[in-house]
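Hi there,

Here is the structure I promised to pass on.

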Amino acid sequence: MTAATPATPATPATPAEKLTVYTAGLVQGITLVTFPAASTIFTSAASYGLSASQYGTMFVPQVVAAITASLAGAWLAGRLGWRMVYLGGLAANLASMALLVASFSVMTDQAAAYPILLAATAFLGMGFGLTVPAVNTFTAEFHPGAVDRSVLVLNALLGLGTALAPVFVAIFVGLGAWVGLPILAAALVAGLLAMSLRLPLRATTAPTSPTSPAGPGSPARHGIPGRFWAFGAFAVLYGFCETMNGNWSQIDLTSLRVSATIASLTLTVFWAMVTAGRVLFAAIGRWVPGRLAYHVLPFVLAVAFALVAVLPTGAAWAGAAAFGLAGLGCSALLPLTISFGQERLTAMSASAAGGVIASYQLGYGLAAFGVGPLRAAGLTLPEIYGASAGLAVLLGVLSFAIALHRPSPSSLHPRPAGHHGSRPATSQQANVTTSFTDDEL
């Protein structure tokens, strides 16, 4: 089997294709945060009545499916093309939202509702793992003269979507119909899918087949470099820290007698600051090198966790400020980790992003699932946030192991593999393309 399918001549993308891909980033962000944004609904005795352990376990299928889909995406693209991978991701997102809506009708019957929720999060993970790598590939392909700027815009839109989901939850809860969020998300995905089916969405970058002979720089020949484990450990810890904010902030605040509406808006503040921080550090990279931000932001995150741990009862605005600071602390850490990995792990640079993202998803799963058993063992959320401050300090220590005396990455937002400089990749340059967001992104 040949190492790669020959690239076809580039065809300029139409404005409709560019707009559709950017819209996909926004919609993916909304769907991705739908479940964490509704955390107080899932744990409310008047709704689903899930325990902390059940709520955390609900995200395990999402993590497994996201990792599997991310790793399989390039293999599928090599056989079916990125368009089919993208459409499959949208279909999985639509199935997830449809299942979440269906669970509403039986939400007081936990035996019936919980399996539906588990299936819904599994489809969400599949949708994320397939859609995000595809839209990153399309964005770079459609803007060959401005890859960095277009990828930054896409990730900013995805971040905007993650910030909008809690706002929509607050609005629909205020209207007495929280299920309006998944209905809205399903309508957006369905409209996007209908629009996308009418477009060619061609990508000339051809992923290398995983079964092809190992080339001179392939990971199969060199194995996993020892230095990768520092990157992997950083991503696991980062995934845990980010998820402590993204999945548990509302439950923490409502336990402090903050209203559900304010708690939802606080989650919006967190995701908005994650996105704003990434855009900010990309814009000021000339004056604040990425390496400096990489060393400082973990300690900003540690301070934020310490503040969250000592929030008094009813401290709505202090909580918003603390979680906003946590968003700033998280902002540039994951994209910088991938950028450093792509530049340092030369033996596996094409798949470095995939390894980091898989590690990040592992950290996500540990926080999403692990906090429940810790609470069942008697620990409170403030105590867990206090311990998370120590993990953030460990992130700071690891940042020096990864980036000390290293030049800052050339770009805050890593490019899809195969896109170097400002020209489209050739088939020899192309390899596995993976997600580099949290989410995010």
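Below is what I found, starting with how the values were made.

This is a predicted model, so local features need pLDDT of at least 70 and side-chain atom pairs count only at pLDDT 80 or more, while totals for chains, interfaces and linings use all residues. Residues are numbered from 1 along each chain as its sequence is written, and side-chain values use heavy atoms, with hydrogens and water left out.

First, a helix pair. The axes of H5 (residues 60–80) and H6 (residues 82–104) come within 7 Å and cross at roughly 125°. Helices here are DSSP runs of H or I with at least four residues, numbered from the N terminus; axes are lines fitted to C-alpha atoms over the stretch in contact, with angles from 0 to 180 degrees between N-to-C directions. Gly73, Ala74, Leu76, Ala77 and Leu80 of H5 meet Trp82, Met84 and Val85 of H6 (contact: heavy atoms within 4.5 Å).

Next, the cysteines. The structure holds zero disulfides (sulfur pairs within 2.5 Å). The sulfur of cysteine 241 is 6.9 Å from the closest cysteine sulfur, in cysteine 330, too far for a bond. Cysteine 241 is buried at 0% relative accessibility, and cysteine 330 is buried at 0% too (buried: under 20% relative accessible area, 1.4 Å probe, protein chains only).

Lastly, asparagine 247 sits in helix H11 (residues 228–255) and is buried at 4% relative accessibility.

Best wishes

Terms used: Helix = DSSP H or I, 4+ residues; strand = E, 2+ residues; numbered from the N terminus. Buried < 20%, exposed > 50% of the residue type's maximum accessible area, 1.4 Å probe, protein only.
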